[in-house]
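I want the overall layout before I go after any single residue.

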Amino acid sequence: MSISARKIVLIAALVIMMTALLWAGSGDRAARLQAEPAPAPATIASAVSTPMVQPEPAAPQAAMAAVPLSQVRLVRQSLKRSGLGARVLATVTVRNRHQYAIKDVEILCAFRGRDGYVTTRRRVLPEVIEARSRETFANVLVGHINVVTTRGRCKLVGASRV
């Protein structure tokens, strides 16, 4: 057996083992898929504009710390894949036009494939953005998505005052 043939056999064995590990961790996938109703097709705009779950404020202080997003903008965004195409890294620039500093900026990213399936991921950017300034967050891990996803977009969901 030549060296290149050995490499092919080793790669095939690794792929089979990784697939087996992924399926073993998912439990009885077929039974779950039959028990769950199929998700309704949606668009990226509807997934980004209407969050799936609205969290309730835990305390009155948390409600007072919320910042109106009219003066906070997502100026730039770029998404790139890593990790064999299943992970998404985002580079976003957030602009704060308020007279005060903000922190814990939350973004919601929606991804859609050609089959119409939409995946949403939320991330909190824990840095402080000073008043009247902008901050760029490079290579933020948004999450794992389906590898057949073709489009993605992020939107600001919330922030709190320092």
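**Ground rules.** I am working with a predicted model, where local features need pLDDT of at least 70 and side-chain atom pairs count only at pLDDT 80 or more, while totals for chains, interfaces and linings use all residues. Residues are numbered from 1 along each chain as its sequence is written, and side-chain values use heavy atoms, with hydrogens and water left out.

**Whole chain.** I looked up the secondary structure and found four helices and six strands. Helices (H or I, at least four residues) and strands (E, at least two) are DSSP runs, numbered from the N terminus. Along the sequence I read the pattern α-α-α-α-β-β-β-β-β-β.

Next came burial: 27% of the 162 residues are buried. My cut-offs are under 20% relative accessible area for buried, over 50% for exposed and partly exposed in between, with a 1.4 Å probe and protein chains only. The accessible surface (Shrake-Rupley, 1.4 Å probe; for residues, only the protein chains shown count as cover) comes to about 11100 Å², and 59% of that belongs to carbon and sulfur atoms.

I also checked contacts, meaning heavy atoms within 4.5 Å. Of those between residues at least 6 apart in sequence, 72% join residues at least 24 apart.

**The sheet.** In what order do the three strands of the open sheet run? I get β4-β3-β6, with antiparallel pairing; two strands pair if DSSP finds at least two bridges between them. The edges are β4 (118-129) and β6 (149-161), each pairing on one side only. Neighbouring strands here are turned by 20° against each other on average, direction ignored; the axes are lines fitted to C-alpha atoms, with angles from 0 to 180 degrees between N-to-C directions. I count 10 bridges joining β3 (residues 102-113) to β6.

**The cysteine pair.** C109 stands opposite C154 in β6. The two are joined by a disulfide, S to S 2.0 Å, against a cut-off of cysteine sulfur atoms within 2.5 Å. The pair links distant parts of the chain, C109 in strand β3 and C154 in strand β6, 45 residues apart. I read the S-S torsion of C109 and C154 as about 100°, so the disulfide is right-handed. C109 and C154 are both buried, and the structure holds one disulfide.

**T119.** Is T119 buried or exposed? T119 is buried, at a relative accessible area of 9%. T119 sits in strand β4. Setting aside neighbours within four places in sequence, T119 is in contact with C109, A110, F111 and I145. That brings me back to C109, one end of the disulfide.
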